[in-house]
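Work through the exercises below with the model open. Try each task before reading its solution.

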Amino acid sequence: MTTVTLQDCVDLGYCARAMRPWFKTHGLDFYAFVEQGLDEETLLALDDDFAVKAVERARRREKGKTNG
């Protein structure tokens, strides 16, 4: 299971400050995400472009492919 971290999102160019409202809109705890990350299943269930990109980034990181 892949865990998406704040760093994965920052690596995609997302601003942590701007992400807070997105988390609130989706009923997710931003501060828990910052501390622990979020599992891919939770994010993919949202069927949201941002979430899909974040999961793809986390999967690349976990495979050791940090570029791109």
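**Exercise 1: Cysteines**

The sulfur of Cys15 has its closest cysteine sulfur in Cys9, 11 Å away, which is too far for a bond. This is a predicted model: local features need pLDDT of at least 70, side-chain atom pairs count only at pLDDT 80 or more, and totals for chains, interfaces and linings use all residues. Residues are numbered from 1 along each chain as its sequence is written, and side-chain values use heavy atoms, with hydrogens and water left out.

Solution. 
- Step 1. Recall that a disulfide is a covalent bond between the sulfur atoms of two cysteines.
- Step 2. Apply the cut-off: a pair of cysteine sulfur atoms within 2.5 Å.

Solution. 
- Step 1. Set the classes: buried is under 20% relative accessible area, exposed is over 50%, and partly exposed is in between (1.4 Å probe, protein chains only).
- Step 2. Cys9 has 1% relative accessibility, so Cys9 is buried.
- Step 3. Cys15 has 42%, so Cys15 is partly exposed.

**Exercise 2: Glu40**

Solution. 
- Step 1. Helices are DSSP runs (H or I, at least four residues) and strands are runs of E (at least two), numbered from the N terminus.
- Step 2. Glu40 has a relative accessible area of 10%, so Glu40 is buried.

**Exercise 3: The whole fold**

Task: which pattern does the protein follow along the sequence, and what is its radius of gyration?

Solution. 
- Step 1. Count the elements: five helices and two strands.
- Step 2. Read them in order: β-α-α-α-β-α-α.
- Step 3. Take the radius of gyration over C-alpha atoms; the globule rule is 2.2 Å times the number of residues to the power 0.38.
- Step 4. For 68 residues a compact globule would be near 11 Å; the protein has 11 Å, so the two agree.
- Step 5. The C-alpha trace spans about 30 × 20 × 20 Å along its principal axes.
- Step 6. Of the 68 residues, 31% count as buried.
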